[in-house]
Amino acid sequence: MLVPSLAGTALGLLCSPALAANSPGDGFKVVSYRLALAPDIQNRTVAGRERITLRATMDGVQRLNFSANALAIETATLDGVALAHIVEGDVLGFDLPRPLRRGQTVKLELSYHGRPTRGFAGSATTLYTNYFACDWMVCSQNKFGEKAAFSVDLRVPTGMTSLSVGSMIARRPRPDGTEIHSWKAPRPYSAYLYGFAIGQFTRVKERAGSKTLIYLSDAADTGELKRRFAGTSEAVAFLSAKAGVPLPVADYSQLLVGGDEAQEAATYSVLGTDALPTTVDDSSEDWAIVHELTHQWWGNLITCETLRDFWLNEGITTFMTAAWKEHRYGRVAYEAELNVARSRLEKAWAKGFDKPLAWDGTYPTLGIRRAIQYSKGALFMAQLRTTLGDVAFWSGLRRYTRDHAGGTVTSIDLERAMEASSGQDLHSLFAEWVFGDGLLDRHRE
């Protein structure tokens, strides 16, 4: 995932001191989101209704806080009782008529409309979401460890194609020249992975074993889509073997758009033409398809519990991109990819910045954040591979993936899996790279 430049705010939510102890998602867990949305391609707006089923995780919850956005809330009710709402900084809060008891389950129902300031992109005839789900719906952007069921009814012009999380379970015509496309996620996912796309898309289907691969675009014909995504089936087989878990979705879609998009959603990816190779078998440019596909395992199926361990999403995925290049192009391509990561990390070192991988502080720039979480994370995985040897390393990664499939993880979970598979004490190695801060000092020596 290449998070947009504004992601510094999304990945490090800045609340006022008064709200620091009552951030989005505090005091409750969302069980499910049920949406009905009417996106407008031309105006880049959305109108919707949303039902959030949630359960209190502590006694005395008096306010339900979510990530603030530019949507205008029209109505809000909790189990049928009208609620007032307030926006304070980056928090959208709903004050409750009476406190919730721990374990109490309630339904928050909302209607809203507006033009999201982030999270919408597209062309004159298409609209797709990119990363900032909580700008076009009500949710908590940074609650990575909270996985909830998701379903959405998209109201679109008749004959238009749609894409969202999971599978389309129903398509219903309406008398006004529109139709409802109902989508449902196959399992709970973190809110930042929700998304949709609508447009007049060319659509191609191919098989990858028992899985279905779907390619869509409004700017490419069938032949170009097949050519652009020709390596996907082989990548699915490679990653499935390394993970020890098949591709976690029955249908995996890739939406080809203009520009340099490289963004995963729960069961699909959005990829820009500028992010894909311009020539066949160019190992230096071949990264976006496999990087976003890899997130279907590491990031989506298995998700970091908090942003402190975000490197588990991105560092493992960046390393697996290098491992894929080794598989497809040879060892030289693997080393070249790691050298790219090393160069990015050294630029952060040159600016006097290095942090342990498990760190939840503020990065001075987006590039430096990526240098640590993506590049340093990939280099640590490569170091683990060298230390343990291929047999123990890949066995450990399979153990980690299988044991935590569908759940959330911290860095300790990876350490335990690698130790169990190798029989080695990895405390010192993890302390140096993941929990300590010694690499920069050693680099300076």
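Here are some questions and answers about this predicted model.

Q: What pLDDT does the protein average?
A: Let's start with confidence, since this is a predicted model. Of the residues, 93% score at least 70. Over the protein, the average pLDDT is 92.

Q: Over which residues does the pLDDT stay under 50 with 40 contacts beyond four places in sequence, and which other stretch is below 50?
A: The stretch with 40 such contacts in the model is residues 3-21, where pLDDT stays under 50. Another stretch has 13 contacts beyond near neighbours in sequence, and its pLDDT is below 50 too; this stretch is residues 438-445.

Q: Is S411 buried or exposed?
A: S411 lies in helix α9, which covers residues 411-422. Buried means under 20% relative accessible area. The value for S411 is 1%, so S411 is buried.

Q: Which residue has a side chain joined to that of S411 by a polar contact?
A: Not counting residues up to four places away in sequence, S411 touches D309, W311, L312, A358, F430, V434 and F435. The polar contact between side chains is 2.5 Å, and the partner of S411 is D309.

Q: Is G423 buried or exposed?
A: G423 sits in the loop between α9 and α10 (427-435). A residue counts as exposed over 50% relative accessible area. G423 has 67%, so G423 is exposed.

Q: How many Å apart in space are G423 and A197, C-alpha to C-alpha?
A: In sequence, 226 residues separate G423 and A197. In space, their C-alpha atoms are apart by 47 Å.

Q: Which residue in β7 is the bridge partner of L64?
A: Strand β3 (residues 61-67) and strand β7 (residues 91-100) pair in the antiparallel sense over six bridges. Within this pairing, the partner of L64 in β7 is F94.

Q: Which residue takes a positive phi in the hairpin of β6 and β7?
A: Strand β6 (residues 84-88) pairs with β7 in the antiparallel sense over five bridges, and I86 stands opposite G93 in β7. The hairpin has two residues between the strands. The residue with a positive phi, near 65°, is G89.

Q: Which strands stand at the edges of the open sheet of four strands?
A: The order in this open sheet is β9-β10-β16-β12, and the pairing is antiparallel. Each edge strand has a single partner strand, so one side of each is left without a neighbour in the sheet. The edge strands are β9 (120-121) and β12 (161-164).

Q: Which residues of α3 are buried, and what does their cover include?
A: Helix α3 (residues 232-243) has twelve residues and reaches 16 Å from its first C-alpha to its last, close to the 16 Å expected. In this helix, T232, A235, V236, F238, L239, S240 and A243 are buried. What covers them includes β18 (211-217), β19 (251-257), α4 (288-294), α5 (311-329) and α8 (390-404).

Q: How many of the 19 residues of α5 are buried?
A: At 1.5 Å a residue, α5 should span 27 Å, and its end C-alpha atoms are 26 Å apart, which agrees. After the helix comes G330, whose phi is positive, near 115°. α5 is mostly covered, and the number of buried residues is 16.

Q: Is the disulfide of C134 and C139 left-handed or right-handed?
A: The structure holds one disulfide, which joins C134 to C139 with an S to S distance of 1.9 Å. Both C134 and C139 are buried. The torsion about their S-S bond is about -115°, so the disulfide is left-handed.

Q: How many Å from C304 is the nearest cysteine sulfur?
A: C304 counts as buried, at 0% relative accessibility. C304 is in no disulfide. The nearest cysteine sulfur is that of C134, and the distance is 15 Å.

Methods. Residues numbered from 1 in each chain as written. Predicted model: local features only at pLDDT ≥ 70, side-chain atom pairs only at ≥ 80, totals over all residues. Heavy atoms only, no water. Buried < 20%, exposed > 50% of the residue type's maximum accessible area, 1.4 Å probe, protein only. Polar contact = N/O pair within 3.5 Å; in protein donor to acceptor, adjacent residues only side chain to side chain. Contact = heavy atoms within 4.5 Å. Pairing = 2+ DSSP bridges. Expected span 1.5 Å × (residues − 1). Disulfide = S-S within 2.5 Å. pLDDT = per-residue confidence, 0-100.
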